[in-house]
Amino acid sequence: MKSIAESADISASARPFNPWPGTIFACLSVLALLFLAPTFGVLMSSIKSKREIAFGQLWTMPSELFLGNFADVLSNPAVHQYLLNTFLVTAPATAASITLGVLGGYVFAKLPFKGSDLLFLALVSGMFFPPQVILIPLFRLFNSMGLIDTLWPMIIVHTAMGIPICTLLMRNFFATVPNPLRECAIIEGANEWQILVLVALPLSLPALAVLATLQFTWIWNDFLWPLIFTQSDDKRTIMLGLVFMRGQYSVAWGIQGAMSLIASLPTLLVFLFFQRYFIKGMTMGAVKG
Amino acid sequence: MSSLKLQDVRKNFGTQTVIHGIDLDVEEGEFIVFVGPSGCGKSTMLRIISGLDQVTSGRIFIAGNDVTFTHPSKRQVAMVFQSYALFPHMTVAQNIGFGLRLAKLPKAEIAKRVFAAAEVLQIEDLLGRYPRQLSGGQRQRVAIGRAIIRNPRVFLFDEPLSNLDAALRVQMRLEIARLHNRLGATIVYVTHDQTEAMTLADRIVVIKEGEIAQVGNPLEVYESPANKFVAGFIGAPSMNFLKASIRAEGGRSSIQLYGAALAYLPDRFAREYIELGIRPEHLSFSESSDCDFWGVVELVEELGSESFAYLQTEFNPEPVTIRLEPNKKVKAGDKLPVSIDRNAMHVFSESGSTVAIGRI
Amino acid sequence: MDRSIALWRTVFLILPVSVFAVFVIWPLLSSFYYSFTNWNGFNPNYDFVGFDNFAKIYTDRLFASAAINTVIWMVAAIILPTGLGLFLALLIDSRVPGGTLFKSVFYLPICLSAVVVGQVWVWIYQPDWGLLNTVLTYFSSEKINYAWLAKPESALFSVIVAWSWQQTGLSMVIYLAGLTAIPSDLQEVCELEGSSWWQKVRLVLLPLLAPATVVVIALSVINSLKGFDILFIMTEGGPFNSSDTLAMHMYNESFRKYYMGYGSAIAVVLFLVALAIIWLYFRQLRKVDEIYS
């Protein structure tokens, strides 16, 4: 009997050469580099000194690591305010939209009624409309409530605009929770609220993670609503601040790069750690829509 | 010339070896059934023969040609999948003619051959339908149609009946047997169902943990199992296994079952303990108390054509299954004397290999 | 029992439905209302002007060019992110080493904000030291300093490319999910029957990916209707309104010129277009579902 290693050798030599995996890998690598180039450029610019950039070296590797840009941005009190504002909008709006989505999703999945499909469709289709469609009336509404130039309109609108996707994903997820579990809980004397909180929700942690990553990213990155609803500098969110500070640092590319990175850092971290949920949410929302 | 030949075929997935060196020669026109419990590697064997998986080492020959590294489509094999693997967006005709379309045959030629294949399977009326409009049995036929139109040297069937309900399964089994008679094709068929294996096969290959446990025609495998695994796997209900001991008496040994000498072995036997294998039909209730052991009826299963009883005994933790003779009525709780047919005892060593069969 | 369930339904639904009604549905309906007025955004008084705003749409040249640009954007959205996403998904699905890493790389831009993406691409298109011109100069005999975003001929398309860069990853993951959903034995049949890669893609994968394609195209088109943020950052619709879209035009009319009545009329048109697309989408989805379920 020949040894395994020996026989494996023989097989390898007889196996016909398949050029495809290599070709595909090369092809993907080139495309990946092209795709990364823009992001990479910003990263590089942020760690270069003004002098280096002024010599037209924006897209090359930096000659030395220069952290002055980050120091500049991070010591700017306006940036602190922007980040704080963004957080104060993102956290409550994410939590609120998911809560409302959980409530609605549970009814549509487990307590359907006559016409519930239609109501569900109406809620979900809100996902597809350009926000411009409701811009003016909302502006008027918040204006009359005296809430313009506060953080409230953004929290409220993000909550409301998050209801479609949250309801959709939660309904689809709750639908996979077996009915016998609910029926068993009913026999044990649980009411619907207890079933939701004690049975359905603990099983739905993955769905909640999906929604939290999605909503956090979208709200953090939003630009339109703060543009409409804020006026003074100390109410701006980071994305809006980014645009306004661009004027302030018009040719300081390194500082702009550092600012962009700092503004994107929370979403990049979320992406890095919760990528699986993120992608799942995107495809779930899309495919089942 | 053998139609299919496997030479020391081995397969690893990562560090795990799933096929431990299989050798097999399949004759032209033979119906071979790979049978074994799930996870034994029988489906992997089929995928290796088809070329969907590659061997780690070893050789595969089809019609005398070494096809070990040949592309699946050039091996002259056709495969029928467990799920049928029909394209949902194609009609029955398009599904059957898929390979011919890939080969860019003229449309008229394709249509002609598709119709011929459909006639063999009596599905001419279904050619314009989509798979979703077909019943399970019809889908099965379409999948077979896609195989026979290729005119392969070897047909590969991967548990083709497991998605059908019981009645349909029996019917399709018959049809596959008929098809084999008509086409005279070489068939390698994988199943975990020993009844399917017994009824369809010219030769059964029993596989256990990536190794061949026994090869032989169905009766051989049933009557002379090579080891305890085969004995237990083939036949339903399963063979009874009873712990017994050996006692040396002078120049010979006797098999002792619960203190009574059952039979004598011709030679001195170098073991102390053995297992006796007895099929349910080789046990019977004695008319008198002159018996091999007593059993208390625990449960009676009446299947209509035959009946079985499960007996509690004092020496075996597992219940002993016995086939009742027609008209024999017993009820739970009866304590009855049981005799063993001395001509049909299988003796297994503790390691599970067969020591002697039949009259000892 | 039934009554208590009805009660719970009400309790659960009251918040989501009322929030959605007050802050989405009601404003949506109000948009129709304001589209018949000449409200300027500040003055509490305004007049009903009937269909004047909609008549203005007919004569508004900027609206016409914005509408054309929106259509161009939609068509490009169907071709660029969808096509590229499909291509990438097919490559990654072929069990290439490092597939997960590639997936992350192509998907990364999705989690960046439009503001950041816009800024990055402004740098790329920058005439003097932008990446694009730097690379082009490298392959050319003379120094190239074409102002991609400042030229009416190239502004819109340059923005669309940047936007596609961000959207491709989304199309890709949806296609990847679609490919995973295709039973592997169907792909194995192709191998057994001797299909070439291209035959497999054309005859089997593409037809089976039809549901994913419907979703991807619908999403791309819908997202193109929303095309605003990145445009605002990169060109603000300029130069000379050459990269205006309907969403951008609506913003300009309402919040720069304070023609809120007219802006509402544009919003209504936008809504109707979106509605038509959603209707088409659901219809196609149902049709496709019928075939594949």
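Which residue in β4(B) is the bridge partner of B:Leu4? In this predicted model, the residue paired with B:Leu4 is B:Ile62. The bridge belongs to the contact between strand β1 (residues 4-13) and strand β4 (residues 57-62) of chain B, which are joined in the antiparallel sense over 5 bridges. Both strands are part of an open sheet of 4 strands in chain B, ordered β2-β1-β4-β5, in which the pairing is antiparallel. Helix α1 (residues 42-50) of chain B lies across β1, β2 and β4 of that chain, and its direction makes an angle of about 115° with β1(B).

Confidence was examined for the complex and for individual chains. For the complex, the predictor gives an ipTM of 0.87 and a pTM of 0.85. Chain B has a mean pLDDT of 88, with 96% of its residues at 70 or more. Within chain B, the element with the highest mean pLDDT (95) is strand β3 (residues 31-35), whereas strand β21 (residues 354-357) has the lowest, 66. Where pLDDT is low, the predicted coordinates should not be read in detail. For chain C, the average pLDDT is 87, and 99% of the residues score at least 70.

A second sheet of chain B was also characterised. This open sheet contains 6 strands in the order β6-β7-β8-β3-β9-β10 (chain B), and its pairing is mixed. Strands β6 (77-80) and β10 (211-216) of chain B form the edges, each pairing on one side only. From one strand to the next, the twist averages 20°. Strand β3(B), which has the highest mean pLDDT among the elements of chain B, stands between β8 and β9 in the strand order.

At the β6 end of this sheet, β6(B) and β7(B) run parallel and are joined by 4 bridges. One of the pairs links B:Ala78 with its bridge partner in β7(B), B:Phe155. Strand β7(B) also runs parallel to strand β8 (residues 186-191) of chain B, with 5 bridges between them; here B:Val154 has B:Thr186 of β8(B) as its bridge partner. Strand β7 (residues 154-158) of chain B is mostly covered, 5 of its 5 residues being buried. The side facing one way carries B:Val154, B:Leu156 and B:Asp158, while B:Phe155 and B:Phe157 point the other way; all of these are buried.

At the β10 end, strand β9 (residues 203-208) of chain B pairs with β10(B) in the antiparallel sense over 5 bridges. The two strands form a hairpin with 2 residues between them, and B:Glu209 in the turn adopts a positive phi of about 45°. B:Lys208 has B:Glu211 of β10(B) as its bridge partner, and B:Ile207 stands opposite B:Ile212 in β10(B).

The nonpolar interior was considered next. In soluble globular proteins, nonpolar side chains tend to be buried together. The largest nonpolar core in the model comprises 236 residues, and B:Phe34 and C:Phe106 have the most contacts inside it. The element giving the most to this core is helix α13 (residues 260-292) of chain C, with 15 residues. With residues up to four places away in sequence excluded, C:Phe106 touches A:Leu28, A:Leu31, A:Ala32 and A:Phe35 of chain A, together with C:Leu88, C:Ile92, C:Gly169 and C:Met172 of chain C. Another core, of 45 residues, lies apart from the largest one and includes B:Val80, B:Val142, B:Ile149 and B:Ile176.

Chain A contains 14 helices and 0 strands. Its pattern along the sequence is accordingly a run of α elements, α-α-α-α-α-α-α-α-α-α-α-α-α-α. Of the 289 residues in chain A, 55% are buried. Among its contacts between residues at least 6 apart in sequence, 73% join residues at least 24 apart.

How values were computed. Residues numbered from 1 in each chain as written. Chains lettered and ligands numbered in written order. Predicted model: local features only at pLDDT ≥ 70, side-chain atom pairs only at ≥ 80, totals over all residues. Heavy atoms only, no water. Pairing = 2+ DSSP bridges. Axes fitted to C-alpha atoms, helices over the stretch in contact; angles between N-to-C directions. Core = buried A, V, L, I, M, F, W, Y, C linked by side-chain atoms within 4.5 Å. Buried < 20%, exposed > 50% of the residue type's maximum accessible area, 1.4 Å probe, protein only. Contact = heavy atoms within 4.5 Å. pLDDT = per-residue confidence, 0-100.
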